[in-house]
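Notebook open, two chains to go through. I want to jot down what I looked up, roughly in the order I looked.

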Amino acid sequence: MERRTAPLYHEGITKQKGNMRMKRRNGLVRDLAQNHQLLVMFLPVATLLFLFCYLPLSGLIIPFKDFDFQKGIFGSDWMDPLFNNFDYLLSSDAAFRAVRNTILLNVLFIAVGLVFEVGFALMLNELRNKYFKRVTQSLTFLPFFISWIVVGVFTYNLLNYETGAVNRFLEWIGAGPVDFYSEAGLWPIILTIAIRWKVTGYGTIIYLAALTSIDNSYYEAASIDGASRWQQIRYISLPMLRPTVVILTLLAIGRIMNADFGMFYAMVGDATLLFPTTDVIDTLVYRSLRQSGDIGMASAAGFLQSVVAFVLVLSSNYAARRIDRDSAIF
Amino acid sequence: MLTRRFSLSQAAIGAIVLLFSLACLFPFIMVVSGSLSTENDIVNYGYAFIPRHVTLSSYKILLLGSSRIVDAYIISILVTVIGTVLSIIVNGMGGYVMARRSFKYRNVLSIYVIITMLFSGGLVPWYIICVRYLDLKDTLWAMILPPLANAFNMFLIRNFMMAIPEDLYESAKMDGASEYRIFFRLIAPLSVPVLATVGLFVALGYWNDWFLGLMFIDKQELQPLQLLLRTLVSNVEFLKSSSNAAAMQQISATIPSESIKMALTVITIGPIIFLYPFVQRYFVKGLMVGAVKG
């Protein structure tokens with residue numbers, strides 16, 4: 001490093017005697033020229049992020065426009081009155097329902113997920129048979145690898161009215177078939193079960209890693225003091241897991257306004273009867289955009305979602321950072 | 001001594017873990033069994049663990065009778081392979097640039113990348129940009145380019161590369177190697193663990209993706225496998241509009257709708273199930289890396 005930059009250093013000194021502004025500009029130009037290879041290597045990333053992340057940001061003005069696809073984002077006329085799309089959105093029952101469903105369902109998913117993942121990690125950690133532990137861990141991790149579309153097919157296999165396995169079972173015990181695809185009230189539970197089925201094994205991995213990293217001497221000391229296994233879990237394992245739990249939960253709360261579109265679309269799809277409990281912001285925006293073509297309403301909903309999500313992500317990350325510097329995303 | 005004292009709770013925990021593991025496996029077995037069953041058995045007896053009468057007719061119809069499935073398979077493979085290769089190169093180079101400590105502008109570029117994790121324009125502007133301005137509608141690129149540059153993956157790669165001693169870069173530079181050469185010949189081979197992990201996650205993402213297809217692909221012949229599966233689930237009859245409907249008729253007079261859905265599901269998840277035992281540990285490793293610093 002030193003040897004290579006030595007001549008440049010001398011050059012810098014010579015320049016210092018001359019015009020200061022000149023020197024700084026030359027410095028920048030020279031830096032860029034010198035590093036042009038690195039900049040070229042960054043170019044694909046820079047371009048892709050610009051096209052698919054930065055350009056869409058300019059689209060945040062769409063809800064304030066009377067959007068016309070032909071005229072484009074900037075060519076379209078301003079909305080008159082400016083907040084018309086928002087007034088329309090906020091007065092719609094569907095939007096209120098979608099916001100409510102998004103938040104309530106996410107709270108449900110986060111809470112149940114936490115209990116299941118920590119609980120399952122603790123259980124796996126208690127298992128003494130290595131082989132059994134490895135096989136069960138592999139099996140529970142497997143569903144993470146398939147798409148929600150396939151999970152949707154599985155769910156349909158289990159729940160459909162004529163041939164579904166669950167309905168067959170209900171018939172067998174004499175409880176009669178249930179038409180699940182018209183019972184909106186059951187779907188928060190069904191979706192929770194589906195998520196737990198799909199990602200419990202995945203979510204457990206991080207907690208299990210935290211558990212295995214706990215120094216064994218804590219447990220040894222505790223058992224010498226006569227602590228039972230339950231007491232050891234209560235007073236050693238759980239407190240040691242706390243930072244991981246808090247941080248993962250905070251980061252999940254940061255995304256509370258964003259529903260997993262893939263899951264809702266694949267599991268519920270166009271089953272309108274289920275919308276009272278399962279229509280979320282993302283599916284509402286999608287339908288307005290692709291099916292009813294109501295870009296004004298879709299963009300207004302998306303705008304509010306983006307702004308709230310931004311504030312939530314920043315604050316939850318700030319909180320996570322305060323607890324543990326290394327766990328924050330940035 | 002300890003083991004005996006808690007054998008009861010050990011057994012209870014083992015039972016719970018076992019039950020949950022079997023529950024995770026159960027739907028897979030049901031789908032395979034359904035795909036091998038005759039339509040009559042499914043309609044009369046529902047889905048079962050073991051097919052009453054084994055038949056391969058739904059697979060025959062899918063693979064021989066309908067060119068759509070083969071087309072969709074090719075599309076999915078193309079998207080996965082091109083997407084994964086490009087992703088490793090693009091994000092690898094991005095991570096490399098951000099990992100160069102002696103590079104003066106690496107922090108500026110890092111911020112440029114981090115911002116994309118914070119702000120999002122949302123679905124509507126993203127869709128309009130892709131369709132109206134970038135003209136991606138009904139192209140293969142629509143399923144590859146939008147998620148290609150990924151901030152999270154890039155930081156994962158960057159963090160790994162930052163652990164490589166800076167002297168290595170510098171000595172290579174002094175030997176007159178260009179940055180491209182240093183990356184492709186020196187750093188990339190040293191970073192195979194992280195590049196492989198990222199590549200596997202990306203490949204899984206591309207294979208399982210149907211959202212981009214749903215947004216941008218209206219042309220039937222460009223539909224990826226996952227999207228075709230969804231179309232088939234809601235409407236089996238569309239297979240009849242396929243080009244070789246006649247060949248299909250020869251195999252079976254009526255389309256066995258239920259078992260054919262199962263057969264396509266098996267075909268869709270087949271590669272994943274097949275590769276799962278080999279790649280699983282890399283995913284676990286990748287998660288650990290991500291957990292240490294997300």
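What follows are my entries on the predicted model, by topic.

**Chain B, overview**

I started with the secondary structure of chain B and got 15 helices and zero strands. I then checked burial: of its 294 residues, 42% count as buried. For contacts in chain B between residues at least 6 apart in sequence, I noted that 75% join residues at least 24 apart.

Residues 72-97 of chain B are 100% helix and 0% strand, with end C-alpha atoms 37 Å apart. Residues 140-161 of chain B came out at 50% helix and 0% strand, and there the end C-alpha atoms are 32 Å apart.

**Where the chains meet**

How many residues of chain A are in contact with chain B? I got 75 residues of chain A, in contact with 84 residues of chain B. On the chain A side, helix 3 (residues 36-58) gives the most, with 15 residues. I also sorted that side of chain A by residue type: 52 nonpolar, 16 polar and seven charged.

**Helix 3 of chain A**

Given that contribution, I stayed on helix 3 of chain A. A straight helix of 23 residues would span 33 Å, but the end C-alpha atoms of helix 3 of chain A span only 29 Å. Where does helix 3 of chain A bend? I found a bend of about 40° at A:Phe50.

Then I listed its buried residues: A:Leu38, A:Met41, A:Phe42, A:Val45, A:Leu48, A:Leu49, A:Phe52, A:Cys53 and A:Pro56. I wanted to know what covers them, and the cover includes five helices of chain B: helix 5 (67-99), helix 6 (106-118), helix 7 (123-133), helix 8 (151-162) and helix 10 (179-190).

**Domains of chain A**

The domain assignment divides chain A into domain 1 (2-68) and domain 2 (86-327). Taken over C-alpha atoms, the centres of these two domains of chain A are separated by 42 Å. For contacts, I noted four residues of domain 1 of chain A against seven residues of domain 2 of chain A. On the domain 1 side, I wrote down four nonpolar residues, no polar and no charged.

**Helix 2 of chain B**

I ran the span check on helix 2 (residues 7-36) of chain B too. Its 30 residues should span 44 Å at 1.5 Å a residue, and the end C-alpha atoms are 42 Å apart, so the two agree. I still found a bend in helix 2 of chain B, about 30° at B:Leu25, and a proline, B:Pro27, follows within four residues. B:Pro27 is also on my list of buried residues in helix 2 of chain B, which includes B:Val17, B:Phe20, B:Ser21, B:Cys24 and B:Val31. Further along, B:Ser33, B:Gly34, B:Ser35 and B:Leu36 are on that list as well.

I picked B:Ala203, found in helix 11 (residues 192-208) of chain B. Is B:Ala203 buried or exposed? It has 21 other C-beta atoms within 10 Å, and 20 or more make a residue buried, so B:Ala203 counts as buried. Leaving aside neighbours within four places in sequence, I found B:Ala203 in contact with B:Thr80 and B:Thr84. I also noted B:Val85, 118 residues away in sequence from B:Ala203 and 8.9 Å away in space, C-alpha to C-alpha.

A:Ala252 has 17 other C-beta atoms within 10 Å and is partly exposed.

**Positive phi in a loop**

Last, the backbone angles. B:Asp135 has a positive phi of about 55° although it is not a glycine, and B:Asp138, also not a glycine, has a positive phi of about 55°. Where is B:Asp135? I placed B:Asp135 in the loop between helix 7 and helix 8 of chain B, and B:Asp138 lies in the loop between helix 7 and helix 8 too.

Then I checked how each sits. B:Asp135 has 11 other C-beta atoms within 10 Å; the cut-off for exposed is 12 or fewer, so B:Asp135 is exposed. B:Asp138, with 13 C-beta neighbours inside 10 Å, counts as partly exposed.

Conventions:
Residues are numbered from 1 along each chain as its sequence is written. Chains are lettered from A and ligands numbered from 1 in the order in which they are written. This is a predicted model: local features need pLDDT of at least 70, side-chain atom pairs count only at pLDDT 80 or more; totals for chains, interfaces and linings use all residues. Helices (H or I, at least four residues) and strands (E, at least two) are DSSP runs, numbered from the N terminus. Two residues are in contact if their C-beta atoms, placed from the backbone, lie within 7 Å. Ala, Val, Leu, Ile, Met, Phe, Trp, Tyr, Cys and Pro count as nonpolar, Asp, Glu, Lys and Arg as charged, and the others, Gly among them, as polar. The expected span of a helix is 1.5 Å times one less than its number of residues. The bend at a residue is the angle between axes fitted to the seven residues ending there and the seven starting there. Domain bounds come from an automatic or database domain assignment.
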